[in-house]
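The sequence and the structure come before the details.

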Amino acid sequence: SSDVCSSDLLIAAGLFAGCTVGPNYVRPAAPVTAEFKEAGNWKTAQPSDAVSRGKWWEIFGDAKLNALAEQVNISNENVRAAEARLRQAEALVEQSRSGLWPTLAVSPSFQRSRSPIVIGTSGNAPFPTNVYNLPLTASWAPDLWGSVRRTIEGNVANAQTSAANVANARLLAQSQLAIDYFQLRVLDARKRLLDETVAAYQKSLELTRNRYNAGVAARVELVQAEAQLKSAQAQAIDTGVQRAQMEHAIAILIGKPPAELNIAPEVVALAIPAIPPGIPSQLLERRPDIAAAERQMAVANAQIGVAQAAFFPSLSLTGTNGFRANSPPDWLTAPARYWSLGATLAETLFDGGSRSAVKKQAIAAYDANVATYRQTVLTAFQQVEDNLAALRILEEEAATQAEAVQSARLSTELTLNQYKAGTVNYLNVVIVQAAQFNSESTAVNLLGQRLIAAVALVQALGGGWDATQISSAK
């Protein structure tokens with residue numbers, strides 16, 4: 001910390017400038033590594049054009065998702081609330097800037113009065129008198145030690161925090177929308193898988209019923225086939241509950257009642273885009289929550305200057321110019337004019353340590369914000385690393401699972417042929433069909449996990465936002 005006083009500015013602007021006490025803000029160092037551990041063979045020299053700088057969700061190539069995400073900016077209530085708080089913070093900047101200027105007030109008044117008659121004196125009763133007064137009063141407290149300027153500095157940083165919070169609210173809503181949408185489409189894929197499974201089980205049941213009617217299959221096999229079919233049908237129905245809830249969640253994210261949104265079931269070709277993560281230091285500029293935490297440090301730093309300025313004397317200048325007369329014709333004449341000028345210099349000599357305590361609080365608040373900022377950065381690195389690892393590992397798992405699906409399908413085909421030939425009983429068919437369904441269901445779930453991890457990685461990287469977007473905060 002160092003006190004800053006510009007003598008050149010003082011000479012140039014006199015009392016308008018004065019000194020600015022307290023530490024000038026310098027962004028503290030954050031724990032940044034050279035590269036991401038889980039980035040694999042990714043090279044920092046490669047361009048990151050694969051990630052959209054604005055509408056990041058378009059990298060998934062889904063027209064319906066694009067249309068829904070556009071509505072988040074317009075209708076999401078959390079985003080609207082954040083934008084309102086930004087306007088509030090900008091108005092606070094305007095209010096604090098008014099402290100640099102004098103205030104002018106006019107307060108015209110009229111008074112009619114009569115003096116009492118003093119008992120024991122002679123003379124006529126006094127007549128009532130009128131007093132017409134038109135004062136114009138000016139007052140100004142020069143910002144000698146920078147208290148007002150530090151307050152403005154803090155409020156500007158607070159407005160920039162609010163601007164970053166708007167971006168963060170928008171990113172969170174867009175990310176949650178994408179996650180809910182992909183979960184809905186995964187449920188559509190699962191429903192199609194269950195429908196195909198039900199159709200296959202119906203064929204197996206018909207085959208078993210024919211064999212039972214022909215006397216070559218036991219009743220227990222028929223019962224097993226019926227139970228297997230009903231179980232698959234129940235699971236197909238159950239997906240409707242989860243899908244309805246996902247659709248309702250999407251409606252809320254775009255600011256609509258659930259009754260006003262209907263997303264038709266559709267099995268779309270969901271692909272996992274390539275998402276280059278960039279270098280770790282970019283997160284400091286690419287994530288709005290990190291930018292918000294950094295701006296909060298600037299707010300806290302400015303408050304130290306405000307607390308420091310309280311140790312110095314304050315100067316107040318006042319002046320009054322106006323007219324006072326007993327009759328309207330004499331009101332605005334030269335003899336009725338009056339004026340006054342005055343200055344007050346005030347310094348607190350003893351406050352029991354109150355100002356020192358306030359300064360200690362401001363310093364502690366700054367230190368707390370520094371720790372919060374660094375923790376935010378560390379959490380950001382963790383989120384990127386987590387999702388890089390998830391995408392890499394899930395990709396390997398999905399490839400292996402795809403081979404498992406092919407093997408399960410072949411096993412089912414061979415076992416059904418054996419059952420038709422009478423060499424195995426129906427229990428073998430049940431086992432392999434269940435294994436095939438579980439394998440294909442796992443593949444569908446893996447696709448959903450990979451899509452969610454991709455969205456989470458884009459979110460962890462800050463979406464299409466960068467810190468230059470908060471520079472316009474008032």
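A residue counts as buried when its relative accessible area is under 20%, and as exposed when that area is over 50%. The model discussed here is a predicted one. Trp57 has a relative accessibility of 3% and is therefore buried, and Trp56, at 1% relative accessibility, is buried because that value, too, falls under 20%.

A search across the whole structure returns 7 aromatic pairs. One of them joins Trp56 and Trp57 in an edge-to-face arrangement, with 5.7 Å from centre to centre and 75° between the planes. Elsewhere, ring pairs connect Phe60, Tyr181 and Phe182, which together form a cluster.

**Helix 4 and helix 8**

Two packed helices are described by the angle between their axes and by the distance between those axes. For helix 4, which spans residues 147-213, and helix 8, which spans residues 354-421, the packing angle is about 15° and the axes lie 11 Å apart. Because angles under 35 degrees count as roughly parallel, helix 4 and helix 8 are roughly parallel to each other. The crossing in which helix 4 passes helix 8 is left-handed. Helix 4 contributes Ser204, Leu207, Thr208 and Arg211 to this contact, while helix 8 contributes Leu416, Tyr419 and Lys420.

**Asp188 within helix 4**

Helix 4 also contains Asp188. Which residues does Asp188 touch, leaving aside those up to four places away in sequence? The residues in question are Arg243, Ala264, Pro265, Glu266 and Val267. Ala264 is 76 residues from Asp188 in sequence, yet the C-alpha atoms of Asp188 and Ala264 are 9.6 Å apart in space. With a relative accessible area of 5%, Asp188 is buried.

**Helix 2 and helix 3**

Helix 2, covering residues 63-75, packs against helix 3, covering residues 77-97, at an angle of about 40°, and their axes are 6 Å apart. Helix 2 is therefore oblique to helix 3. The contact involves Val72, Asn73, Ile74 and Ser75 from helix 2, together with Glu77, Val79 and Arg80 from helix 3.

Methods. Residues are numbered from 1 along each chain as its sequence is written. This is a predicted model: local features need pLDDT of at least 70, side-chain atom pairs count only at pLDDT 80 or more; totals for chains, interfaces and linings use all residues. Side-chain values use heavy atoms; hydrogens and water are left out. Rings of Phe, Tyr and Trp (its six-membered ring) pair if their centres lie within 6.5 Å; planes under 30 degrees apart count as stacked, over 60 as edge-to-face and the rest as tilted. Buried means under 20% relative accessible area, exposed over 50%, partly exposed in between (1.4 Å probe, protein chains only). Axes are lines fitted to C-alpha atoms, for helices over the stretch in contact, and angles run from 0 to 180 degrees between N-to-C directions. Helices (H or I, at least four residues) and strands (E, at least two) are DSSP runs, numbered from the N terminus. Angles under 35 degrees count as roughly parallel, over 145 as roughly antiparallel, 65 to 115 as roughly perpendicular and the rest as oblique. A crossing is left-handed if the near helix is turned anticlockwise from the far one by less than a right angle, and right-handed if clockwise. Contact means heavy atoms within 4.5 Å.
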